[in-house]
Amino acid sequence: MADTMELRDIEVWDGNMAASHALRQVQVDVVAAYPITPSTPIVENYAGFAANAYVDGEFVMTESEHGAMSCCIGASAAGGRVATATSSQGFALMVETLYSASGMRLPIILNVVNRAIGAPLNVNGDHSDMYMGRDSGWIQLDAYNPQHAYDLNFIAFKVAEDHDVRLPAMVHQDGFMTSHTAQGVHTMTDEQGFNFVGEFKPMNDMLDLDHPVTHGVQTEEDWHFEHKARQQHALMTAVIPKIEAAFDAFEALTGRRYNLVETHQMDDAEMAVICMGTSVETAMEVVNELRANGIKAGVVGIRVFRPWPMEQLAAVLKDVKAIGTLDRSSPHGTMGMLFNEISGSLFNTDTKAVLTNYIYGLGGRDLTKAHLVGIFNDLKANMDAGKPTTPLQQYIGLRGPKLSFF
Amino acid sequence: MEKAGWDGFEIGAMLRTFDGAIQNIATTLPEDRAYSQSSSFTASVADWRIEKPLFNKDYCIDCQFCWIYCPDMSIIARDKKMVGIDFDHCKGCGICVEVCPTNPKSLLMFPEQKDEDMALAEWPKKEKKEKDTEVEED
Amino acid sequence: MMSEIKKIKNLKEFSTSADRFEGANLLCPGCAHSIIVREVLNATNDDLILAASTGCLEVCTAVYPYTSWDASWIHIGFENGSSAVAGAEAMYKALKTKGRLKQPERTPKFVAFGGDGATYDIGFQWISGCFERGHNMMYVCLDNEVYANTGGQRSSSTPIGASATTTPAGSISYGEKKNKKDMMAIMAAHGAPYVAQVSPSKWKDMVAKIQKGFAAEGPVFINAISACTTEWKFAPEDTIAITDLATDSLVFPLYEIINGTELNITYRPKNIVPVRDYLGAQGRFKHLFTKQYEYLIDEWQTRVDLKWEQLQRREEARV
């Protein structure tokens, strides 16, 4: 039996520490991991818990991220609670196995501390790794601060392990900006945290020796399509209601409210920026200042990145006249992901907002309040003109001549 | 097995070998196992064969070389005796015939359509060799 | 709790085993993989948790909607059969500690299978990681010295002079140029409690080694020669005969290494067969029997003799 840890109601934790404690409190059975900046402290903290009897599961330090996720898959198929953490290049190395985990319907929790992907090599936060995961069939939740990184882990386990879902889930936080920035984090007791998620309920477990199962079969053109369709069906229909139920239950327990799509000052907003991660909180501050000057600006933050909350976004953006989508990942040959996803979400609706795209913050470059004020100035001009007054895709915070496309 | 639609099978393309629970599988013979329709035991590869092995009990010494070296679990051994061939799973490789040490062989390959009684009637007689094949005692 | 070792006095007794690997799999007629798998699984009556890396064994035994496995089995990818079973073994330990095993009185054995491509090449790092970490598992390499599943490309286990599709013999090439990687030495160097080279044709030696492996605590490496009728180019009924030529010519010597140091030769052929006979029985070496490349056969013999010498010296010196 693992020892209980007495926590203060508010602990000063960075995002990594917050995630580590969540893994400790849900009493993960197997953590197989490989350290990589900036998620390394999650693994180190957890190792510390293991060394001091605060966890009694197995802690496996593998030879690579690919090995880590491979072990996680074997462990999860065997039948128990499984989690790990990674970032960036390590995430990229895992990608093959991410598809295996979701295709085999294994509820593994992966904490992704978002970081740029080289070349050129970079250790700082951007969303390249998070974007890379978006077709892998995982649920993806996005934290904007250490509190979220803590809370969303509990949500992730509760939803992923539900027998109606049985899909793996990622909890994302921004490298360094969240992972290494200490803030006050409201805690649950160990008992509260564990009970929120509950005992792991095995399903199709290899270790049930009376019921042998075969996992990871071959399917060709006569079966593959049906299996992938079944997976998509679960992701598209089962997950959102379960996440909403988990958000409700979490609010009832802690008073902290989460939504599929987070909004700030959107009720009467004429223009909005849409972004993810720590940028959401920066944008909220800017909007508060603009509101003081009578400018009806708002912020939309993506909380559930996959499955994509298309209907909720369309509803939130129904009445806005100009939208700026902020992508923290190099789009490499097209518009930013958020531009494209939001376009798709609004195309068949009555919304006629002018939509533009900003690429920002690559490799950990700061997004300043001044940048956001400039973006809102653009949006105001677009709104007044009823059409784009700027190129559709602009790079902001970049040295050298102004860079834009379309 | 019927090709079910996308909502007609278990998640994760997971397969179960048996219907219900099974204990002591390592000591339960195939005839006493409740194989599910997902076990390849329920399928047949008989149509792979061009030639089939036939078994002549009269010459068999139950050495079990054919059992141990059969790649397709198709030599049926019960109570330490060779009792026959599983023609649903035999692919006709002919290993059993090659490893059979008796003289004449107790297993021989015949065309797939060959009648078993006729084959037994035509079974070759003991071959004169300089020295009879010695069977290694195991 | 140590489980009992299955008593297998002779082949008659062994033949009372109830196979946990099923027919109507899609392996080629005469495939040695299946013979190896049977000898491994039938060596114990304990429960089994199995994994396979992508390869012939995997694609032929779990093609939806059929499975040929009577024990729980998992496949993820080409490189990570070892890590898959290591993860399952870690979960077993965790649930044992936490008292959540459904059948706590039973002690399953954890076994991963992989071809030489998955073992010598693409999965090498994962296997090394598993062995360094000391998982209680057995890794069985089905060594057919070629990527057979994809049509016969060379691997780092392909021996010199073999014609493979990516190292074809031609007017200026005798085929594969590199010597086969010494996987046994590499795995023994991990300090594994038990490492052994086995041949399914020498069933008694092989089953004894598998049982030793199951009894060992920690990671066990088994390198099994798997004669490939399709890529080595011999008739399917000759699988056992070709395998015997490999062991009796000492091209594939049978030995074990205990705790990384104690080497024992476990099979000494009564009559050592010339390497030429082994090579001549297979289509993949056909081009060596020409004036142009014949010198390679002598080189082969010299190399095999040297290796045998070296193994004997190591056995004698207990290193």
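Biologist: Ground rules before we start?

Modeller: The model is predicted, so local features need pLDDT of at least 70 and side-chain atom pairs count only at pLDDT 80 or more, while totals for chains, interfaces and linings use all residues. Residues are numbered from 1 along each chain as its sequence is written, chains are lettered from A and ligands numbered from 1 in the order written, and side-chain values use heavy atoms, leaving out hydrogens and water.

Biologist: OK, what's the strand order in the open sheet of chain A?

Modeller: The order is β3-β2-β4-β5-β7-β6-β13, 7 strands with mixed pairing. Strands here are DSSP runs of E, at least two residues, and helices are runs of H or I, at least four, numbered from the N terminus; two strands pair if DSSP finds at least two bridges between them.

Biologist: And which strands are at the edges?

Modeller: β3 (58-61) and β13 (304-306) of chain A, each pairing on one side only.

Biologist: How do β2 and β4 of chain A pair, parallel or antiparallel?

Modeller: Parallel, over 2 bridges. Val30(A) sits opposite Val82(A) in β4(A).

Biologist: Switching topic: how many disulfides over all chains?

Modeller: 0, where a disulfide is a pair of cysteine sulfur atoms within 2.5 Å. For Cys63(B), the nearest cysteine sulfur belongs to Cys66(B), 6.1 Å away.

Biologist: Is Cys63(B) buried or exposed?

Modeller: Buried, at 16% relative accessible area. Buried means under 20%, exposed over 50% and partly exposed in between, with a 1.4 Å probe and protein chains only. Cys66(B) is buried too, at 8%.

Biologist: What about helix α1 of chain A, how many of its 11 residues are buried?

Modeller: 10 of them, so α1 (residues 15-25) is largely enclosed by the rest of the structure. His21(A) and Arg24(A) are among the buried ones.

Biologist: Now rings. How many aromatic pairs turn up over all chains?

Modeller: 30. Rings of Phe, Tyr and Trp (its six-membered ring) pair if their centres lie within 6.5 Å; planes under 30 degrees apart are stacked, over 60 edge-to-face, the rest tilted.

Biologist: Why is the pair of Trp223(A) and Phe9(B) edge-to-face?

Modeller: Because the planes are at 70 degrees, with the centres 5.8 Å apart. That pair crosses between chains, and both residues are buried.

Biologist: And Tyr139(C) with Phe221(C), what kind of pair?

Modeller: Stacked, 6.1 Å centre to centre with 5 degrees between the planes. Tyr139(C) is in β4 and Phe221(C) in β8 of chain C, so the pair ties together parts 82 residues apart in sequence.
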